[in-house]
Each structure stands twice: as C-alpha cells, then as structure tokens.
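Have a look at the model and try each task before reading on.

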Amino acid sequence: MLPVRKLRCHVVGASPSSLSSFFVHKRDNIFNDSGNWNWKSMTIWRFIIFPWGNINVSTVTVGFQDHMVTPMRSFSTMAGTILLRAQDPAKLSMEIQNAIEKHSYDDAWRLFEQHMQMEGFPRKSVVNKLLTSYAESLDFQRLEKAHRLVEQAFEEGKQTLFEKETLIYLSYALARCGSPVPASILLRKLVGMEEYPPLAACSAILAHMSQSPPGAYLAAELILEIGYLFQDNRVDPRKKSNALLIAMKPNTLTCTIALAGCLLSGTTRKAEQLLDMMPRIGVKTDSTLLIIMAHIYGRNGRREELKKLKRHIDEAHNLTDAQFRQYYNCLLTCHLKFGDLDSASQMVLEMLKKAKEARNSLAAATFFFEAVEDRNVPPSRQVSDATEPDNLEKDRTNPSHFISFEEFLRDRKFVRMEAEAKEMLCSLLVKLQEQVEIIATERGILQPTERTYVKLAKAFLESGKIRELAEFLIKAEKEDSPASADDSALVHVINCCISLGWLDQAHDLLDEMRFSGITASSSVFSSLLKAYCKENRTPEATSLLKEVRKSGIQLDSSCYEALIQSRVLRKDTQGALHLFKEMKEAKITRAGHEEFDMLVKGCAESSEAGLMAAKLLHEIKEGEREDCGVHDWNNVIHFFCKKRLMNDAEKALKKMRSLGHTPNAQTFHSMVTGYAAIGGKYTEVTELWGEMKALAYSAPLKFDQELLDSVLYTFVRGGFFVRANEVVEMMESGNMFIDKYKYRTLFLKYHKTLYKGKAPKFETESQLKKRQAVLTFKKWIGLH
C-alpha cells in the first residue's frame, strides 16, 4: 500500500475525468526510465485538490496499468490510496492573528507565507496587524520583511490593503532604527497615493532620518518634493478638499531639522536649495533658523547674504550666547575664506576692545550676575540630559521608549511625535555648536580663541603681509595683554616661522616689533640666531647679533655656543675666540633658556603641543592653501545661474579660467543646476562633464555627492544613459549615497516605454551601445 499524504493547499475543484486526462499528458513524468513510480515528479499532488472537504476515497481513484491511465478503475488496482484535504484560509488568518497576539512573530510570518502561497494576501486587517506588530518590535530583520511586504503589494497593485496610519507608523519605526531609505520610500508612496501624512507625524520621522548623512539628504529631498506642491500658492487653503494636503505643508521645525542634518553631513548646497524654496511656501524664520542660515551661507561662501543676516541677528531678542557665537564664527570664517584680512582682523580687534571695556566696567559685574543663571552655560550643556546625543541614540533603538501603535492612534494630533522631533533637533544643534572653533564667549562677551590667531596668522603669512600681521598682533596685545612676554601671540608666530624655516619672515616680524617700541625677549633672538647658524647663514646671524648688542639684550649660553661653532666651521678662529671672551666677561652660565628651547623643539617635532605656535605649524603644514578668488567668481556664477542667465554665467566661467582660477565642485554645481532649471541644455552639461573628468584627472578637483547627483539627474532626465552610467559608477566607487527611488520614478515618468520591446535584428554599433546602456540603467534601478 502507498502511504497516505495529507496536503494543505488552495482548494480547486477537480473531477475523476479531469484527473485521468491530466495523468495521460503527464505519464512520462510519473514513471521513470525503468518503469517504476517516480515520487520526485509527483509534485502534482500538491495542486490537485477537491472542494468537498472530507471526500470518499473511491471518488478520486485512478488506476495505472502498463503505464497507461484507466480512469474508470478504482484505487483497488493501485498499490495504495492518496488522501487530499483542503485548508480553510479564514482559519489560517485566525492562526496568524493568534500568533501575533502571542508575540510569536516567526510563526506568524510562516503562516503568512503559507497564506500567500494558497490565496495571496490575507484580508486587510490581518496585513495591517502584522505590519504594526513588526514595527513595534523594532527588530531590524522584521522591519525589512515588513517593508518588502509593502513593496510587493504595491508592485501587484494592492496598495489599498494598507491603512495610512500603518504605513506612517512603519516609516517611523524604520527611521528610528536607522533605515532612512525605506522610511522615505513609504512616505513618498503615501504622497503618491494622495494619502498625505500629517506634518507633525512626519517631523519625528524626518528628525530620525537626519541623524545620518544619507537620511539627512533624503529628508531635504522629501521636503523639497512636498514643498513643490505648495510653491507660488498652488494650493488654495480655503478649499475643504485641500485640508489633508495643507496639514502636510512643511513648517519651520521640519525645515530646521533637515537643514541641520545637511549641515552636519556636509551637503550644504542641498540645504541652500531648501533655503531658496522656504520663502516661496511661506515658511517663517525664528532665531534657531537664522543661525542655521548663517552656517549654510558661511559654508557656501555667500558672504553678502551673511552680512545681510547681521541686522536680523542684532534685532533678535531671544538669541543665546551660543547662537551669537555661532553667527560671528561663520562671519569671521567667511572673511578668511575670501582673503579679506582687513575685515577679519578688524572684527577680532573690536571683540578684544569690547571685552576689555566690559572687564574694566561695573556693567560687566552686573551682567555676570544676570547671565550666570541662564546664559553662561557651556554650549554642550545648554540642553537637558534627555537631549544629549548619546542618550538619544540609545533611546532610538530601545523598544521600551517606543510609542505603541495604540498610543500612536490615540494621539491624533501627534503631540508626542512632535515633541520627540524637537528633542532630536536639540541633539543636532548641540553637535553643530561643537563645530565652532574660532570664537568663544566669556560672561556673555565674544572673544577670539587661539584658533582665531592661528587662522589669521596663516592667512597673513601665506599672502606675504608680514607688516600687516605684526601690526595686527601688536594691537591685539595692547587690548589683551598676555601673561608673559614669551606667551604673546606675536612670539608664538615668530617661533612657528622659525620652526618652518621661514627665517626672513621671523626676522621681519622682530623688526616690526622693534619699530613699534616693543622689546622682544632674549629667548626669541636666541632661537632665531641659532636657526641662522644651523642654516649657515652667517651674514644674517652677524646682523642680528649687532641688533641684539645694540638693544642691550643678553643672550644665553646655548646661543653663544651655536655662534662659536658656526665660526669654527668657517675657520674663523679669531671670531670664535672673541665670542668666547665676550661670553666669559658677561658671566653667562650654561643654564639659560633650555625650557624655551625645549618648547621650540617640541613645536617643530609635534603638532600636538599646547602652544599656539604648534597649532599654527600644524595648520600651515597640513591645511590646504585656498584660492580666494575662486569664491568671488563662484558667487558671480551662482548669481547668474540663479537668475537663469546662462549666457552670462558661461562668460563668467570663461573669464574665471582666463584669470588662472580653477573651477571647483561648487562652480560646476551652479552651472549644472542652472542648465537643469532651463531644461534642454543636455549637450552643455555633457561638455561640462567632460571638463570635470579632465580636471579630476589632472588637478585636485574633488567630486562630491551633490555635484554628481545633479549631473546624474540631468543625464537621466535627458535620456543620456551612457553618461548616466558613468556617473553612477563614479558615485558607487566613491561610496556616495544615491537616491535610487528618485531615479526609478524619474525613469518611469519620462522613459517608461524606452527599449521595452524585442531588440531589432539589425542595429548599428551606436544603437546597440545606447540600448545596452538603457538596459544597464534599468537593471540598476530595479526594473527588469
């Protein structure tokens, strides 16, 4: 007898005659070559089932004789019987729900897969319950399964299976677990279905997304896409039918979150695009947004816009010390970026003057007692412990701190999620404050830091403005007297020049000090004299020695030893003896300025020393020298591109090259986005792409995500897929994030029917190359 097999499958009606017909056509598969029963091929039994429940075996008997099917004979002629039993889909749905309630998520998924094999998706309530339970678990693998389930349903056109609240909650869980890409896809699908998610709920999702560079980029993209719907009063708020759409309109909080995320991830040009859109959709600015704008303008070199913000900063009544500090840090950095050393040095001197006045007045004491309670808090502690970045990071993936779906539904105005978004914004702002280096505050008064002097000194030295540097440092010392002569900024700069081997610049600075009536300490002269001797520059050493004697400065023993050794090497025995006699008459001991010499040596050997000279030395050696003229031309080109005056932009770019300034990523980004705004200028972008590749090969042009993304968008929009694949390859080789969903949507919108049919029998090499490029791109975005 054959064993009985019980199968749980989808119920399909079948009669004995149909079975016999089936076996006649499949007999070659039923028996193997030797004529024996082939069980491996009998997968047929998983599909032949009857709708009558527990049926009589005799009604489904089929006999086999001589490898031929005999439908009228009973199972008594066979070696056994086969029993097939149907499974009720409704019962399976109940089992899925029971498994979910018992938190048996693996069993629930197994039962769900069985249902999918039998009858496809379960009913709507079961699917939504499965998704929300997986979202509540905050388990990364379960969330991935849930997202794949949603993707499958949308591909099959069954998006009506999902409740809007379910998809919002799943998107929130994905964003919280550090999966910004699927979280953004769900929000985009909701917008595409016109099931607009409320902005208060979106704010928490965007806040969690903005914690990573890809998520911050996607958050800005989402707001730009949503904001496009509201630009130039396209949506009438008076119509009741637009109520749900109006509830999704970006506000100050969501824009600030996305902008802060872009700043921290370095995608500042995307942030500037968002800034340009905000006035067009009526987003109002607050004090926090003003500071964010200052950061963006400073990073992108928009100095004029940064200066215009000053009036708003001065008029704002609720700015904190930390916010003032950030604005002036941005302004000073921008002055240095443009090489405007006069404005930068004047700004520092004004800070020192105001700080000195505050210290010497009774108002400073009054201000201190008023500010110490609420404003004189270190920037990293201006938020509660709950909003510390480390604490928030731990809370994000902790299910106990995650709102349940029931609470999510009860909070119809999403107050809790909006509060969470504000906390996440605070954590972003704390990280932003930590990037401020060159301005500090003390008792509410702005003051320069060592880093300020380092940046300024480097800029002055690289531009060859030694006299201006000395004048600035001397004025600074008059406003802020150092603790000792050897601790002054001017001495540190001289020491750095000596360490770098810039002995002429160091000597010029010493001369400027002497002309200004400031006497340098003997240790500075001693250090420079020994450096001259080491470099065998005897005439300069002799000239400096005369100046030292004339000034009445006493040198130390190590300096005399270096001078004597230099004379001996030049076989100037008489000069060496004269120096030795002078040393003896002055009764100079060997314990002179060894400590200062050790500091000089440490500065030369290590950039980690605490002295300002060490920091300046590191900045000059490691920092890149900027072409300040590039920033001026970038602003000119950006202005023309923004106004869509591309002919003028092309002329400006040509003039920029003729003056010897090499375009950078920001230059090309402005040109590409300008051409894209006009439309149809794909040939011009292709020419720019060729120039970019040539510059990247021969010069240090650094491609970044924002530039390549704008180029890729233009090529896909215009159908230049050979070039598009080049950009994709370059971005992937540089591990840059690419928003595939955006390009999939763009392709389906403009090139959906491209090369969809069979390939023609005859194609030229060019046509074949284009076809292959399109098919490669389609495969990359997931279209087969």
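**Exercise 1.** Find the ring that the charged end of Arg234 sits over.

*Solution.* Start from the criterion: a charge sits over a ring if NZ of Lys or CZ of Arg is within 6 Å of the ring centre and within 35 degrees of the ring normal. For Arg234 the ring is that of Tyr228, with 4.2 Å to the ring centre. Next, turn to Arg303, which lies over the face of Phe338 at 4.8 Å from the ring centre.

A word on the source: this is a predicted model, in which local features need pLDDT of at least 70 and side-chain atom pairs count only at pLDDT 80 or more, while totals for chains, interfaces and linings use all residues. Residues are numbered from 1 along each chain as its sequence is written, and side-chain values use heavy atoms, with hydrogens and water left out.

**Exercise 2.** Classify the aromatic pair of Tyr453 and Phe472, and say which parts it ties together.

*Solution.* Rings of Phe, Tyr and Trp (its six-membered ring) pair if their centres lie within 6.5 Å; planes under 30 degrees apart count as stacked, over 60 as edge-to-face and the rest as tilted. The structure holds 23 aromatic pairs. In this one the centres are 6.2 Å apart and the planes of Tyr453 and Phe472 meet at 40°, so the pair is tilted. Now place the residues: Tyr453 is in helix H21 (residues 450-462) and Phe472 in helix H22 (residues 466-479), so the pair joins parts 19 residues apart in sequence. Helices here are DSSP runs (H or I, at least four residues), numbered from the N terminus. Finally, both Tyr453 and Phe472 are buried, meaning under 20% relative accessible area with a 1.4 Å probe, protein chains only.

**Exercise 3.** How far apart are the ring centres of Phe777 and Trp780, and is each residue buried or exposed (over 50% relative accessible area)?

*Solution.* The centres are 5.5 Å apart, and with 45° between the planes the pair is tilted. Both residues belong to helix H38 (residues 765-780), three residues apart, which puts about one helical turn between Phe777 and Trp780. Phe777 is buried at a relative accessible area of 0%, and Trp780 is buried at 14%.

**Exercise 4.** Compare the span of helix H14 (residues 303-315) with its expected value.

*Solution.* The expected span is 1.5 Å times one less than the number of residues. Then look inward: Arg303, Leu306, Leu309 and Ile313 of H14 are buried. Their cover includes helix H13 (287-300), helix H15 (321-337) and helix H31 (628-642).

Notes:
Helix = DSSP H or I, 4+ residues; strand = E, 2+ residues; numbered from the N terminus. Contact = heavy atoms within 4.5 Å.
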